[in-house]
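Please keep the model open while you read this note. The points go one at a time.

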Amino acid sequence: MPLIKEKRISLGIAELTVAMEASRAERLRRTLPYQKVIRPALNWLQHRGTSQNGQSSGVAPIPETPLVAGPITPEVQAILDRIKGLEWYHSIDLPHGVSTPGYVDHRQQVHYYGLPADMRGIRALDVATYDGFWAFEMERRGAEVVAIDLDSLAQCDFPRRFRDQALSAGAQAKLGASFYLAKELLGSRVQREILSVYELSPEKLGTFDVVFLSDLLLHLRDPARALENVASVTREDGFAIIAEPYNQSLEAFRGVPLSQFGFAEAVGWWQHSVATFKTMLWAAGFDEVEEVSRFRLNCKAAIPLIKVVLKAYPKARAPLGNGRVSTHLTA
Ligand SMILES: C[S@@+](CC[C@H](N)C(=O)[O-])C[C@H]1O[C@@H](n2cnc3c(N)ncnc32)[C@H](O)[C@@H]1O
């Protein structure tokens, strides 16, 4: 059966889906009209579909099987054979037009995160790397990257009530197989270390120009301690990028650092307002916090996860007034 490539654009209540054979899609993608007219138009539409408050988003459907953007050559088949036995959290583009069937697809949403386009000469840390999407992305931009994660999901901060359930569902399985396969296939030099964010310190890993942390704090009992450790390894002239789901209903109390204790799909501890994240970052030692974007994460979670991306600077870049935290809404 031919592989089918599908693209869906959401525009409020309207939705446009284009599906065609992967090989035809690849031929079309190489044509000038596609590159000069259709792709920019689709990007523009997709962007418009993602509102600031995340009410409607350009999230695309995530496929269940690996995607191949071309004919099944022996090289492609060899990669498919290797990725098929593994669980994939991230959709990652591999060589020969193969991409992994992730639970989360960040690929069309990278621009929301405010990463520098050129990261040459930068030492970067990816906290909670999972399959390594963000570590590989920063390396692709030129950074020297260290990535940390737990040895298995069993070490996560599960609430006691859900712990047995999680363990019987296989949480003891070692993490990292998908990361190492992607690393090998990409020819990456990212250094993966097994280290909890609770143990992160300059003594363990040194310091970094950019510390990247995404979709982790919701899983932690003590996010404030994690952010203190992030601050401890962020160089004075560097910054941290914190990209986390927030609770939209708490935004009604604009600027008040409110948080809700509760579980989303039994995996989360706290749902914070954006103001709570900013205040926690300030308490952790960051002088300035800049808001980069808000958007709906493209993932298979049953509930929509609306994220905020914050850039936190250890030292204020310009003199602040008497406010503790400077925020700039740039998206
Ligand atoms: C939802 S995934 C996020 C993956 C990736 N950062 C992203 O944004 O796509 C959560 C990750 O956090 C890791 N994690 C959970 N608790 C952790 C801890 N205390 N220290 C470091 N990593 C942790 C998990 O092992 C998993 O890799």
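**Notes on the fold and the ligand site**

1. Start with V127. Leaving out residues up to four places away in sequence, V127 touches I148, V197, V211, F212, L213, L216 and V230. Keep in mind that this is a predicted model.

2. V127 also belongs to the largest nonpolar core, which has 61 residues. V127, V211, F212 and L281 are the residues with the most contacts inside this core. Helix α9, residues 274-284, gives the most to the core: six residues.

3. Now the overall count. The protein chain has nine helices and 13 strands. It has 331 residues, and 34% of them count as buried. Take the contacts with a separation of 6 or more: 65% of these join residues 24 or more positions apart.

4. Next, the sheet. Seven strands form an open sheet, in the order β7-β6-β5-β8-β9-β13-β12, with mixed pairing. Its edge strands are β7 (191-194) and β12 (288-296), and each pairs on one side only. From one strand to the next, the twist averages 15°.

5. Look at one pair in that sheet. Strands of a sheet pair through backbone hydrogen bonds, either parallel or antiparallel. Strand β5 (residues 123-127) pairs with strand β6 (residues 144-149) in the parallel sense, over five bridges. For L125, the bridge partner in β6 is V146.

6. Which strands does α9 lie across? They are β9 (234-245), β12 and β13 (306-313). Helix α9 runs at about 25° to β13.

7. Turn to the ligand. There are 17 residues around it, and A128, Y130, V197, S214 and D215 come nearest. The shell divides into 12 nonpolar, three polar and two charged residues. V197 is also among the residues that V127 touches.

8. Check A128 in the backbone. Its phi is near 65°, a positive value in a residue other than glycine. A128 is found in the loop between β5 and α4 (133-140). Is A128 buried or exposed? A128 is buried, because 21 other C-beta atoms lie within 10 Å, and the cut-off for buried is 20 or more.

9. D215 is not a glycine, yet its phi is positive, about 55°. D215 lies in the loop between β8 (208-214) and α8 (223-232). D215 has 19 C-beta neighbours inside 10 Å, so it counts as partly exposed.

Definitions and conventions: Residues numbered from 1 in each chain as written. Predicted model: local features only at pLDDT ≥ 70, side-chain atom pairs only at ≥ 80, totals over all residues. Core = buried A, V, L, I, M, F, W, Y, C linked by C-beta atoms within 7 Å. Buried ≥ 20, exposed ≤ 12 C-beta atoms within 10 Å, placed from the backbone. Helix = DSSP H or I, 4+ residues; strand = E, 2+ residues; numbered from the N terminus. Contact = placed C-beta atoms within 7 Å. Pairing = 2+ DSSP bridges. Axes fitted to C-alpha atoms, helices over the stretch in contact; angles between N-to-C directions. Near = placed C-beta within 6 Å. Nonpolar A, V, L, I, M, F, W, Y, C, P; charged D, E, K, R; others polar.
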